[in-house]
Amino acid sequence: MDKNTEEMFVRKFIDKNKRNRAIYELFNSEKRADFIRKIPSILAHDFREVSVKSDDEIHKYLLIDKVMSPIYVISDDEKLDGKFEHPEKAISHALYGGGTYILLFNHAIFIKEEIGFSSPKYIIFIDK
């Protein structure tokens, strides 16, 4: 886990009133996975939100100029959580894996939220 990256994410994307609690729960190994599933409901909405319906749209917004540098992943999937991964690999895991994935790019964040048996929800937030 990269504390600096996660603190930056919280300061930039989490609702101001929820930031202290978010930091506490992200850095608490017993609470982390449950808290990650709550992140989509406590996001600040100071960013342009793009709803996407297809894998091609997701790639269009996220892989601008063939992003090659590793991106940071926050997820309830322990294999990827708290790691820097190649963008294509991280997107593939997010699209085809179950659970919640937050992919932190330099220009955007991608959130995949999957709760229960409903179809997953995909959101991309881009700096205005």
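Leaving aside neighbours within four places in sequence, Asp 2 is in contact (heavy atoms within 4.5 Å) with Tyr 72, Gly 82 and Phe 84. The model is predicted, so local features need pLDDT of at least 70 and side-chain atom pairs count only at pLDDT 80 or more, whereas totals for chains, interfaces and linings use all residues. Residues are numbered from 1 along each chain as its sequence is written, and side-chain values use heavy atoms, with hydrogens and water left out. Asp 2 lies in the segment before helix 1; helices (H or I, at least four residues) and strands (E, at least two) are DSSP runs, numbered from the N terminus. Asp 2 and Lys 83 are 81 residues apart along the chain, yet their C-alpha atoms are separated by 7.6 Å. With a relative accessible area of 24%, Asp 2 is partly exposed; buried means under 20%, exposed over 50%, and partly exposed in between (1.4 Å probe, protein chains only).

Six of the six residues of strand 5 are buried. Ala 108, Phe 110 and Lys 112 lie on one side, and Ile 109, Ile 111 and Glu 113 on the other. Strand 5 is in turn paired with strand 6 in the antiparallel sense, over six bridges, and Glu 113 stands opposite Lys 121 in strand 6.

An α-helix has 3.6 residues a turn, so residues three or four places apart point the same way. In helix 5 (residues 87-96), the buried residues are Pro 87, Ala 90, Ile 91, Ala 94 and Leu 95. They cover an arc of only 130° around the axis, which puts them on the same side of helix 5; the arc is that of the directions from the helix axis to the C-beta atoms. These buried residues pack against helix 4 (55-62), strand 2, strand 3 (83-85), strand 4, strand 5 and strand 6 (121-126).

Helix 2 (residues 19-26) has Ala 22, Glu 25 and Leu 26 as its buried residues. Seen down the axis, they fall within an arc of 95°, so they line one face of helix 2. Their packing partners are helix 1, helix 3 (32-38) and strand 2.

Among the 20 residues that line the largest pocket, Leu 104, Phe 105, Asn 106, His 107 and Ala 108 lie nearest its centre. Helix 1 (3-13), strand 2, strand 5 and strand 6 each give two or more residues to this lining, and helix 1 gives the most, with four. On a 1 Å grid over the protein atoms alone, a pocket is an open set of points where a 1.4 Å probe fits, with protein on both sides within 12 Å along at least five of seven lines, and lining residues have an atom within 4 Å of a point.

Definitions and conventions. Two strands pair if DSSP finds at least two bridges between them.
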